[in-house]
Amino acid sequence: MAQAEAFETDFWKDANLRKVWDDIVPGEPRKTIPYTLTREAIELYCKSVGEDHPIYFDEAFAKTTRYGGLIAPPSIHILLMFSCTPADDWMRSPGTVNAGQSWSYNIPARPGDVITLQARALDKFIKRERLFVVHDNVFFNQKGDVICSGRGWTIRPMRGERDQ
C-alpha cells in the first residue's frame, strides 16, 4: 500500500502562532488548502476506525453498488478537516474542546477527488466563563458539488492556556 499524504498531527507545534478566542472574527474565512483524497488515505482511515465495509476497499464489489465505484465513509470529514487546513489553523489549538456538531452528507467523497473546504466562525460568546465559537464547514469536490456540511461548537482555550 502506498503511503497516504501526511498532515501535521503535532497540535503543540507552533501553537503560539494560532489565533486565540479574542482574535477570531465571526464571518472571516479560515485559511484552507485543497487536498486530493487517495484510495490509500481512505483505506488507512477505515482501518484506523475499524470500518471494513467492502464498498471502501473492494473495487469489484463497489462497482455493483449504486455508487458505481469506491467511495469514502461519511465520517472521513474528520480526516478532511485536518487535511484541508494549514498547521496554524485555530481549530487545532491545544485545549480546544468539541462542544457539539451537526453534519449533513450530500454525496460521497471518492478516491481522486480534490477536496476543498470553506470554513469560518459564525459567532463567539462566553457562557459560564467558557469561551465558545460557533463555526461552519462545507466540503466540495473538484466539480463544486457539496460533499458534506456541518456546524460545530467548540470551547476555546483562554489566552495563556495554550502556552502551559
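What is the volume of the largest cavity? About 30 Å³, and I'll come back to that in a moment.

Hi everyone, a quick word on the model. It is a predicted one, where local features need pLDDT of at least 70 and side-chain atom pairs count only at pLDDT 80 or more, while totals for chains, interfaces and linings use all residues. Residues are numbered from 1 along each chain as its sequence is written, and side-chain values use heavy atoms, with hydrogens and water left out.

Back to the cavity. Searching the whole structure turns up one cavity of 30 Å³ or more. By cavity I mean a set of points, on a 1 Å grid over the protein atoms alone, where a 1.4 Å probe fits but cannot get out; lining residues have an atom within 4 Å of a point. Grid points are joined across faces, edges and corners, and the volume is the space filled by probe spheres set on the points. Among the lining residues are Lys19, Trp21, Trp90 and Arg156.

Lys19 also forms a salt bridge with Glu28, with the closest N and O atoms 2.4 Å apart. A salt bridge here is a side-chain nitrogen of Lys or Arg within 4 Å of a carboxyl oxygen of Asp or Glu. Lys19 is partly exposed at 32% relative accessible area, and so is Glu28 at 33%. For those words, buried is under 20% relative accessible area, exposed is over 50%, and partly exposed is in between, with a 1.4 Å probe and protein chains only.

The structure holds five salt bridges. Another one joins Arg120 and Asp136, at 3.2 Å between the closest N and O atoms. That pair links distant parts of the chain, with Arg120 in strand S3 (residues 114–127) and Asp136 in strand S4 (residues 130–140). Asp136 is buried at 13%, whereas Arg120 is partly exposed at 36%. Helices (H or I, at least four residues) and strands (E, at least two) are DSSP runs, numbered from the N terminus.

Now the sheet. Five strands form an open, antiparallel sheet in the order S1-S3-S4-S5-S2. S1 and S2 (97–105) stand at the edges with a single partner strand each, so one side of each has no neighbour in the sheet. Two strands pair if DSSP finds at least two bridges between them; S2 and S5 (residues 146–156) have eight. One of the residues to look at is Ser104, whose bridge partner in S5 is Ser149.

Last stop: Tyr35 lies in S1 (residues 35–36) and is buried at 4%. Thanks, everyone!

Conventions. On a 1 Å grid over the protein atoms alone, a cavity is a set of points where a 1.4 Å probe fits but cannot get out, and a pocket is an open set with protein on both sides within 12 Å along at least five of seven lines; lining residues have an atom within 4 Å of a point.
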